[in-house]
Amino acid sequence: MSVVAETQHVVRRRRFDTDDRWMISLVVLLVAELLYFNFGISTFWGGGWGTSYSFLGYGESFLFTSMIALGVMFVIFTGDIDLSVGYMAAFAGIMMAEFHIGGMNIWIATVLSIALCAVIGLIQGLVITYFKLESLLVTLAGGFILNSAAVAWEGPVPPYGFPHSYDSALGSGDISGTIQIPNQLIVFAVLAVIATLVVHRTRFGRQLVLVGHNRQAAAYAGVRVSATRVKAFVLSATFSAVAGMCIAANYGTARDDLAPTLLLTAITCVVLGGVDIFGGGGRVPGVIIATFVMGWLAPGLLQDNVNDTWATLIAPGTLLLAALTIKGIVDRRQGVSFRAKTLARFGPGSPTSAHADAGDAPGTGAT
Amino acid sequence: MSVIVKRARAAAALASDRTAEEYAPARYEARTITKSFGGANALTGASVTIEPGEIHTLVGENGAGKSTMLKVMAGIHPQDSGDLVLNGTHLRGLTPRTAIGHGIYLVPQEPSLMLTLSALENLFVGIIPRGSMAFSVDWKAMESSAGAYFQQVGLHIDPWAPASQLSIAEQQLLECARALAHRCNVIFFDEPTSPLTAREADVLFELMRRLRERNFTIAFISHRLEEVLAISDRITVLRDSRVVAHFDNPKQTSHRQLVEAMVGHEIAVRQRRQRDLSGAEAVLELKDLGAPDGAFADISFMARRGEVLGLAGLVGSGRTETAESVFGMRRASGTVLLAGKPYAHRSPSSSIESGLIYLPEDRGHNGVFANVEVVRNITAAFVPHLPKRGQLLHPRAEVEVAEKAARRTRVVAPSLDVPMKALSGGNQQRAMFARWLLAEPKVAIFDEPTRGVDVGAKVDIYGIIDTISDSGVAVVMISSELEELVLLCDRVLAIYEGRIVGEVTGDEITLERLGAMVVGGGASERD
């Protein structure tokens with residue numbers, strides 16, 4: 001390389017990188033899915049755009065899962081995992097319902113429940129970072145505790161009986177017009193915009209992503225690693241709690257039985273959306289698109305008279321596996337192997353091993 | 001009966017000392033090898049021949065293709081075109097496994113041992129002798145023959161110790177022992193000495209010389225040109241993926257000739273700067289700093305405005321630990337004064353805010369975000385001050401900030417949007433300097449700033465250190481390369497086993513003096 005070349009460098013316009021290409025593929029997949037259902041199933045579009053049976057109406061069956069996906073996504077971005085999200089949503093709904101039955105205004109109960117869930121998320125995050133425990137295990141335990149607490153609190157009969165206005169506002173209601181837009185879609189859209197901006201356009205989001213890419217390097221660059229991780233757990237719990245409210249409103253009763261499905265589907269959406277399960281890589285819009293790909297898949301297939309198990313379990317599983325395989329191949333071409341990532345995450349000298357204690361040295365902590 | 005026979009046979013096979021002699025002396029040729037990675041040529045028609053009984057060294061700047069050459073020859077990367085010829089036989093479709101079958105072994109830059117397994121298991125991995133029962137292992141045969149291999153490489157360790165407990169130097173020796181256990185007589189060393197102290201490197205060189213006497217075929221990569229000239233029988237220089245020069249007689253070759261072949265043009269010889277800074281105010285002061293684990297103790301010194309203060313010491317002497325304690329990555333007792341004011345409750349974020357920065361030693365783990373764009377790597381420590389428009393970050397303004405910093409440190413990249421891993425070591429380090437200059441430091445601690453970078457980047461880094469110290473930044477420079485301390489520093493402190501053992505200023509800073517001080521001897525007492 002000549003001396004002249006050494007002194008110059010160029011910032012070219014950004015080309016499509018792997019994340020961009022992944023998102024484009026997801027959009028293509030979504031369009032293909034909708035086209036297939038459109039031509040394959042006469043009932044999929046219902047009576048057309050204008051009716052309450054339009055495909056947007058299917059949102060009621062999956063948008064709360066999408067909200068949870070957005071929440072757990074924050075945690076996955078930092079390289080941690082939150083397995084308590086489904087139980088958190090269920091617990092939030094039951095808490096809100098019990099407060100309401102106890103005589104509290106339902107909206108105050110809603111806000112209070114979401115706030116308390118945020119505190120639970122904070123506690124989980126603090127336990128994980130302060131005691132340097134694996135998030136997988138702590139949130140697994142947290143999920144069990146929340147589940148038991150929810151079941152114990154609700155007693156033999158799940159709480160029900162919310163005002164109609166509440167069911168409509170967060171549940172099955174919609175905004176009428178040329179196109180009927182479900183209220184839940186509005187709630188989700190607001191959360192989606194917030195999540196996108198927070199991750200990609202705020203200082204906190206930048207630190208979130210850096211922590212996910214390399215915890216050690218982030219600590220040396222002055223990022224408060226533990227604080228960032230804890231905030232992600234708080235966001236995860238908050239988003240799950242909002243989803244819990246939507247579930248309660250949608251079914252007219254707080255349910256504790258949905259939790260495991262919610263968790264697995266949410267994580268599937270995040271990974272299908274292109275977020276690296278080891279942290280760092282990925283884009284929020286990808287996750288948003290992926291939730292719709294996943295969301296419309298089951299109802300569409302069911303309408304297509306596909307067997308129930310196939311539609312709800314095998315098809316999403318196959319989709320995820322196919323996506324991961326393709327992503328693995330792409331990553332390998334880029335010189336990033338799954339094995340290398342696993343070693344970087346869990347192997348000696350990784351952020352979770354004892355060598356990395358310096359990364360959470362005094363002052364980098366959340367306190 | 002058969003059990004005993006089997007075991008005896010296994011033991012005999014393992015213990016035999018016929019490693020190299022099992023093969024004919026190996027002449028290994030790589031002919032016009034071309035290899036590209038995603039469009040970028042790593043090797044273009046490069047040829048190397050390694051003769052038995054010689055130590056053949058490949059030198060070149062980072063990204064010149066040295067490592068790729070050895071990796072192709074060891075079957076790790078398949079070549080796009082060209083031939084590999086071992087004693088006249090063409091080797092096709094070489095993989096690491098078949099390479100070992102042909103007696104070719106690459107000791108990688110980072111030892112690739114299984115750290116949770118014992119040294120013994122690592123030694124025999126792939127050829128573990130079977131025991132008397134199905135799926136059992138003949139531990140006795142392994143143990144009885146391991147000693148011979150350890151002895152051949154001069155390794156004195158407990159064979160049952162997990163590899164993670166070995167030092168880097170021992171891990172490298174274990175890699176060599178593994179090569180011998182696998183009957184290899186073509187052994188490649190990919191930059192083995194960069195993480196080693198001078199003494200450990202000498203042990204390794206001694207081993208390489210012994211293997212040469214046994215007619216082994218040895219290739220070696222190093223950035224330390226003094227050692228290259230001392231140990232090599234022949235030197236091949238690569239530049240921009242091509243072989244550009246051969247030196248058949250290293251004893252008659254000068255350091256300067258080698259460097260000019262590597263960079264492709266003449267270089268200016270650097271002169272020591274003569275400055276008197278005794279009157280400048282102290283901006284960083286350490287008083288009785290000590291580590292709770294005893295890694296260092298009673299560390300007291302100060303750094304003046306505009307001064308370049310060297311910290312000389314061996315790896316493990318406590319120099320990095322001291323620096324990290326000042327920066328806030330580790331706890332320590334004692335006092336740190338920053339611009340005269342006590343600085344307690346240290347953390348990296350508050351250090352950066354108050355103008356104290358630290359460039360970590362281990363760039364790969366603690367410095368770069370390999371998969372993140374260069375822009376964001378440069379602004380990583382600048383996140384709290386990133387330009388905003390309204391409540392949101394302003395990406396275009398961020399790129400401008402990063403671009404300006406990158407230009408100051410002469411980062412060469414196809415675009416600042418490529419991931420950091422696409423850059424050579426030298427350019428990654430230039431980007432790291434860009435990151436830390438953005439923080440507008442008053443005190444800058446650079447830990448091994450030129451480790452694993454090419455000659456061009458080294459010159460640039462020295463230039464940056466000159467410039468910022470002239471502008472009043474106090475630079476604390478930690479380095480194992482005593483030459484660069486001699487070139488750059490106004491004053492040098494030597495750390496040995498966690499304590500400061502000497503201090504030299506101005507013309508007292510000589511290689512001999514520093515060399516004696518870092519091993520704890522010959523120091524002038526501090527006043």
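I began with the contacts of Tyr220(A), setting aside neighbours within four places in sequence: Met329(B), Pro348(B), Pro360(B), Asn366(B) and Gly367(B). I note that this is a predicted model.

Next I looked up where Tyr220(A) sits. I found it in helix 10 of chain A, residues 215–220. Is Tyr220(A) buried or exposed? I counted 28 C-beta neighbours inside 10 Å, so Tyr220(A) is buried; the cut-off is 20 or more. I also checked Tyr220(A) against Phe91(A), 129 residues apart along the chain. Their C-alpha atoms are separated by 38 Å.

Then I turned to helix 11 of chain A, residues 225–251. Its 27 residues should span 39 Å at 1.5 Å a residue. I found its end C-alpha atoms 39 Å apart, which agrees. How many of its residues are buried? I get 25 of the 27, so helix 11 of chain A is largely enclosed by the rest of the structure. Gly252(A) follows this helix, and its phi is positive, near 75°.

Last, I took a helix pair in chain A: helix 4 (residues 85–101) and helix 12 (residues 259–272). Their axes come within 7 Å and cross at roughly 135°. That makes helix 4 of chain A oblique to helix 12 of chain A. I logged the crossing as right-handed.

Which residues meet there? From helix 4 of chain A I listed Val85(A), Gly86(A), Tyr87(A), Ala89(A) and Ala90(A). From helix 12 of chain A I listed Ala259(A), Pro260(A), Leu262(A), Leu263(A) and Ala266(A). By class, this contact has nine nonpolar residues, one polar and no charged.

How values were computed
Residues numbered from 1 in each chain as written. Chains lettered and ligands numbered in written order. Predicted model: local features only at pLDDT ≥ 70, side-chain atom pairs only at ≥ 80, totals over all residues. Helix = DSSP H or I, 4+ residues; strand = E, 2+ residues; numbered from the N terminus. Expected span 1.5 Å × (residues − 1). Buried ≥ 20, exposed ≤ 12 C-beta atoms within 10 Å, placed from the backbone. Axes fitted to C-alpha atoms, helices over the stretch in contact; angles between N-to-C directions. Parallel < 35°, antiparallel > 145°, perpendicular 65-115°, else oblique. Left-handed = near helix turned anticlockwise from the far one by under 90°. Contact = placed C-beta atoms within 7 Å. Nonpolar A, V, L, I, M, F, W, Y, C, P; charged D, E, K, R; others polar.
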